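Q: I would like to go through this structure with you. Could we begin with the terms and then move to the details?

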Amino acid sequence: MTDIFDLEIQVEAKHIDVLGHVNNVVYVQWMQDIASAHVEYLGLGVQEYLKLKHAMVAVEHHVQYRKAALDGESVILRTWLDDINALYLSRQYAFYRPEDKSILFLANTKWTCIEIASGRPKRMSPSFTQAYQPISTNINPFDFEKYHIDEK
């Protein structure tokens with residue numbers, strides 16, 4: 001079973017758009033960043049993908065922007081897996097401000113496994129299905145009192 005994975009970041013001037021808050025495209029980049037860090041943590045990062053000759057790719061995103069993040073603020077990027085089958089994996093995201101526990105952004109991504117050489121869909125190998133497990137239904141991913149350290 002996979003746990004929640006958190007990564008704390010600082011909003012920088014490069015993340016800010018002309019309206020004075022984090023640009024919407026930056027949130028999507030942060031989704032990629034936290035997903036990549038999480039799979040590395042699980043032991044199935046880019047190097048393993050290349051060795052196995054297959055990888056997970058995003059096929060669908062749903063995003064909801066709730067509150068603005070501003071320059072200099074800390075933001076916790078949180079992700080977890082909530083569903084898996086032979087072809088698809090569902091990843092959830094909740095980005096929040098630790099100072100007041102405000103949810104800034106919610107999203108989910110549907111991922112599928114592909115064969116790298118052809119780009120065609122492929123059933124996930126046992127190494128994928130063993131590493132990519134949904135969190136327990138006993139875990140509340142919106143309990144922001146608990147910080148899930150991004151270290152093994």
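A: A definition comes first: a residue is buried when its relative accessible area is under 20%. Please note also that this is a predicted model.

Q: With that term in hand, how many residues of β3 are buried?
A: Nine of the eleven residues in β3 are buried, so the strand is mostly covered by the under 20% criterion.

Q: Where does Thr 79 sit, and is Thr 79 buried or exposed?
A: Thr 79 belongs to strand β3, which spans residues 74-84. Its relative accessibility is 0%, and therefore Thr 79 counts as buried.

Q: Which side chain makes a polar contact with the side chain of Thr 79?
A: That is Arg 91: the two side chains are joined by a polar contact of 3.0 Å.

Q: And which residues is Thr 79 in contact with, neighbours within four places in sequence aside?
A: With those neighbours set aside, Thr 79 is in contact with Asp 3, Ile 4, Phe 5, Ile 34, His 38, Arg 91, Gln 92 and Tyr 93.

Q: Which residue stands opposite Thr 79?
A: Phe 5 stands opposite Thr 79. The strands concerned, β1 and β3, pair in the antiparallel sense over six bridges.

Q: What about β3 and β4: how many bridges are there?
A: There are eight bridges between β3 and β4 (residues 88-97), and this pairing is antiparallel as well. Leu 77 stands opposite Phe 95 of β4, and Ile 84 has Leu 89 as its bridge partner in β4. A hairpin of three residues joins β3 to β4.

Q: Let us step back to the sheet. In what order do the strands come?
A: The order is β1-β3-β4-β5-β2, an open sheet of five strands with antiparallel pairing. At the edges are β1 (5-10) and β2 (54-65), each of which pairs on one side only. From one strand to the next, the twist averages 25 degrees.

Q: Which helix lies across these strands?
A: Helix α1, residues 24-41, lies across β1, β2, β3, β4 and β5 (102-115). Relative to β4, helix α1 runs at about 120 degrees.

Q: Changing topic to the rings: how many aromatic pairs does a search of the whole structure find?
A: The search finds 14 aromatic pairs. In the pair of Phe 5 and Tyr 41, the ring centres are 5.3 Å apart and the planes lie at 45 degrees, so this pair is tilted. The pair links distant parts of the chain, since Phe 5 is in strand β1 and Tyr 41 is in helix α1, 36 residues apart.

Q: How do Phe 5 and Tyr 41 count in terms of accessibility?
A: Phe 5, at 3% relative accessibility, counts as buried. Tyr 41, at 28%, counts as partly exposed.

Q: What sort of aromatic pair do Tyr 93 and Phe 95 form?
A: Tyr 93 and Phe 95 form an edge-to-face pair, with 6.3 Å centre to centre and 85 degrees between the planes. Both residues are buried.

Q: Which residues do ring pairs link into a cluster?
A: The cluster consists of Tyr 27, Trp 30, Tyr 65, Tyr 93, Phe 95 and Phe 105.

Q: One last item: which residue lies over the face of Tyr 88?
A: Lys 110 lies over that face, at 4.1 Å from the ring centre of Tyr 88.

Notes
Residues are numbered from 1 along each chain as its sequence is written. This is a predicted model: local features need pLDDT of at least 70, side-chain atom pairs count only at pLDDT 80 or more; totals for chains, interfaces and linings use all residues. Side-chain values use heavy atoms; hydrogens and water are left out. Helices (H or I, at least four residues) and strands (E, at least two) are DSSP runs, numbered from the N terminus. Buried means under 20% relative accessible area, exposed over 50%, partly exposed in between (1.4 Å probe, protein chains only). A polar contact is a pair of N or O atoms within 3.5 Å; within protein, one must be able to donate a hydrogen and the other to accept it, and residues adjacent in sequence count only if both atoms are side-chain atoms. Contact means heavy atoms within 4.5 Å. Two strands pair if DSSP finds at least two bridges between them. Axes are lines fitted to C-alpha atoms, for helices over the stretch in contact, and angles run from 0 to 180 degrees between N-to-C directions. Rings of Phe, Tyr and Trp (its six-membered ring) pair if their centres lie within 6.5 Å; planes under 30 degrees apart count as stacked, over 60 as edge-to-face and the rest as tilted. A charge sits over a ring if NZ of Lys or CZ of Arg is within 6 Å of the ring centre and within 35 degrees of the ring normal.
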